[in-house]
Amino acid sequence: MSMIASFYNGKSILITGATGFMGKVLMEKLFRTSPDLKVIYILVRPKAGQTTQQRVFQILNSKLFEKVKEVCPNVHEKIRAVYADLNQNDFAISKEDMQELLSCTNIVFHCAATVRFDDHLRHAVQLNVTATQQLLLMASQMPKLEAFIHISTAFSNCNLTHIDEVIYPCPVEPKQIIDSMEWLDDAIIDEITPKLIGDRPNTYTYTKALGEMVVQQESGNMNIAIIRPSIVGATWQEPFPGWVDNLNGPSGLIIAAGKGFLRSIRATPMAVADLIPVDTVVNLTLAVGWYTAVHRPKSTLIYHCTSGNLNPCNWGKMGFQVLATFEKVPLERAFRRPNADFTTNTITSQYWNAVSHRAPAIIYDFYLRLTGRKPRMTKVMNRLLRNVSMLEYFVNRSWEWSTHNTEMLMSELSPEDQRVFNFDVRQLNWLEYIENYVLGVKKYLLKEDMAGIPEAKQHLKRLRNIHYLFNTALFLIAWRLLIARSQMARNVWFFIVSFCYKFLSYFRASSTLKV
Ligand SMILES: CCCCCCCCCCCCCCCCCCCCCC(=O)SCCNC(=O)CCNC(=O)[C@H](O)C(C)(C)COP(=O)(O)OP(=O)(O)OC[C@H]1O[C@@H](n2cnc3c(N)ncnc32)[C@H](O)[C@@H]1OP(=O)(O)O
Ligand SMILES: NC(=O)C1=CN([C@@H]2O[C@H](COP(=O)(O)OP(=O)(O)OC[C@H]3O[C@@H](n4cnc5c(N)ncnc54)[C@H](OP(=O)(O)O)[C@@H]3O)[C@@H](O)[C@H]2O)C=CC1
């Protein structure tokens, strides 16, 4: 049997961020491979009109958990949702719940974070730094704690190009930042944010770097490890290929491209697309949890969970495969036909934004107005382009992450564990993975029915015809205007017409001679 799977049996595990993309896959794998685990405590807040219990119920009844229910039919009894808000003091956890968590927890997986790039620094610090500090304080009071696993990001040091499995200090100490957030007002924070984040592109990467420093400083005697995944994408294999349930990272752009909203992007085709499937990240996380608890490394080990140095794929190849998949399985009700132009030039990119994105949106809004409906496409397009501009930093650069610790861990696993908790990204076939990713976006994220594919293809044909018709009409109008205003255009027109006439006469004469 797998050593890692049996390690988690009988354990009480605390997960933050369990309602998130990665947290759900982590829970699913734990229940499926270690159905005899004692309990999983999850810190959940009510959201979107749902109580914590309703949220858990919804997760357990989702497609992702179908296999779990076969292996572990009493999964509902093994999950304990603890009301908690990581933005509040002591996470607003009740005294009784806190007592239970402190006395029972064996392993902590800290996944919760704000992953928004444009979050206000105060909020990002609260969640990614202060909450991490508070959780470490809680963990230090857990007598049965065997390991604390912190999920960071490979981009926490994206201001560097070569990144080792070490913690790089930020100029200002996290404690100072936490203190200053308490008394500075929003306007001053806005003013100092660019200076604080320095050459990082956003508050997310900066606060995740501060979070790592906090982990290092507050580790005390605990067995701690940090995992740094790169861009987390849909599942590769488990529990089934292509599962994804949020718009982060490439998923949102795949939809925007498939629906024909986004047809070009400022991106470097040869830059490495460091995607990593979410099940690979989860397998590594569970292996790290086991290794950290059992082998108790002397220092805090950092594990890069990246693909670029072992099995690189680039954005050009990815865009090509996304488009190829949309040829076979198009999305329904596309706005325009999918296309993926990559340009590295800012002026060309602005030109395409005007011609290929904004102009069609304006024309469509004009059509909506004419038909008595409310125009909305320009607004949607502006928002999309703003969002895309925030991702551009990551698609125009390549990074090198060293993966010594991750490779060391792989060599420590038994062949059975290497199979059950596979995180060897060298085995990943990119073309197959991207195709499944696109299919997953269609099925699980957009909830589109595969039976609608013929209609979607028909719709794309109609869009192609409209496109040809529109271009022909545009050309004729432009030509007509030109002829009316320019003698030279008239001469060219006369030349073309007489040439065609002569050619036709010659053709007719030669065919008459043959008869
Ligand atoms: C020609 C084209 C061809 C393409 C072909 C395709 C080829 C492939 C090319 C691929 C290139 C990929 C590049 C990826 C690079 C990623 C690098 C990551 C590196 C770091 C990795 C990490 O370590 S970090 C984790 C990742 N972190 C994010 O990736 C957050 C980003 N993102 C935000 O920072 C915010 O998103 C941002 C943007 C501020 C907007 O913010 P925003 O407010 O304008 O828009 P939102 O997205 O919030 O919301 C808009 C509406 O979507 C609804 N919605 C929101 N989220 C939802 C959810 N999860 N599920 C359901 N629905 C959701 C929401 O409810 C709104 O709906 P409504 O309007 O009705 O309310
Ligand atoms: N996705 C990616 O591409 C990458 C992610 N990572 C890291 O992986 C981890 C998980 O990311 P991912 O699953 O994608 O992120 P999600 O945004 O999907 O999930 C974030 C989780 O944090 C929880 N959370 C946020 N704020 C609070 C709060 N105030 N109180 C309680 N819970 C809260 C969310 O709960 P709720 O559902 O209530 O909002 C959710 O469960 C993060 O640490 C992230 O930095 C690293 C690299 C890449």
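Start with the shell around ligand 1: select helix H11 (250-258), strand E9 (264-266), helix H13 (315-328) and helix H15 (377-395), each of which supplies at least two of its residues. Helices here are DSSP runs of H or I with at least four residues, strands are runs of E with at least two, and both are numbered from the N terminus.

This is a predicted model, in which local features need pLDDT of at least 70, side-chain atom pairs count only at pLDDT 80 or more, and totals for chains, interfaces and linings use all residues. Residues are numbered from 1 along each chain as its sequence is written, chains are lettered from A and ligands numbered from 1 in the order in which they are written, and side-chain values use heavy atoms, with hydrogens and water left out.

**Stop 1: ligand 1**

Color H15 next. This helix gives the largest share of the shell around ligand 1, six residues. Now show the residues around the ligand; there are 29, and Arg 116, Phe 117, Thr 153, Tyr 204 and Gly 249 come nearest. A residue is near a molecule if one of its heavy atoms lies within 4 Å of it. By class, the shell holds 16 nonpolar, eight polar and five charged residues. The nonpolar class is Ala, Val, Leu, Ile, Met, Phe, Trp, Tyr, Cys and Pro; Asp, Glu, Lys and Arg are charged; the others, Gly among them, are polar.

Turn to the polar contacts, pairs of N or O atoms within 3.5 Å (within protein, one must be able to donate a hydrogen and the other to accept it, and residues adjacent in sequence count only if both atoms are side-chain atoms). Pick Phe 117: a backbone N or O atom sits 2.8 Å from an oxygen atom of ligand 1. Pick Tyr 204: here an N or O atom of the side chain is 2.8 Å from an oxygen atom of the ligand. Pick Arg 383: a polar side-chain atom lies 3.2 Å from an oxygen atom of ligand 1. On its own, ligand 1 has 1,500 Å² of accessible area, and the protein covers 74% of that. Accessible areas come from the Shrake-Rupley method with a 1.4 Å probe; for residues, only the protein chains shown count as cover.

**Stop 2: ligand 2**

Of the 26 residues around it, Thr 19, Arg 45, Lys 47, Arg 55 and Tyr 204 come nearest. Helix H2 (21-33) and helix H10 (203-217) each supply at least two residues of this shell. Its residues divide into 13 nonpolar, eight polar and five charged.

Zoom in on Lys 208. One of its polar side-chain atoms is 2.8 Å from an oxygen atom of ligand 2. A polar backbone atom of Ala 113 lies 3.4 Å from an oxygen atom of the ligand, and for Ile 151 the distance from a polar backbone atom to a ligand oxygen atom is 3.4 Å. The protein covers 91% of the 890 Å² of accessible area that ligand 2 has on its own.

**Stop 3: Lys 24**

Stay on helix H2 and select Lys 24, which lies in it. Is Lys 24 buried or exposed? Lys 24 counts as buried because its relative accessible area is 12%, and buried means under 20%, exposed over 50%, partly exposed in between (1.4 Å probe, protein chains only). Leaving out residues up to four places away in sequence, Lys 24 touches Ala 18, Thr 19, Ile 59, Leu 64, Phe 65, Trp 243 and Asp 245. Contact means heavy atoms within 4.5 Å.

**Stop 4: annotated spans**

- Select 15-284, which UniProt marks as "domain: Thioester reductase (TE)". The span is 43% helix and 14% strand, with its end C-alpha atoms 16 Å apart.
- Select 357-448, given by UniProt as "domain: Fatty acyl-CoA reductase C-terminal". The chain here is 70% helix and 2% strand.
- Select 466-483 and 492-509, both annotated by UniProt as "transmembrane region". Residues 466-483 are 100% helix, with end C-alpha atoms 25 Å apart. Residues 492-509 are also 100% helix, and their end C-alpha atoms are 26 Å apart.

**Stop 5: Val 438**

Go to helix H18 (residues 430-445) and pick Val 438. Val 438 is buried, with a relative accessible area of 2%. Its contacts, not counting residues up to four places away in sequence, are Ile 254, Val 322, Thr 325 and Phe 326.

**Last view: the whole chain**

Zoom out. The chain has 20 helices and 13 strands. Its C-alpha trace spans about 100 × 55 × 45 Å along the principal axes. Buried residues make up 52% of the 515 residues.

How values were computed:
UniProt positions are given in the numbering used here, feature names are shortened, and annotations may be inferred rather than shown by experiment.
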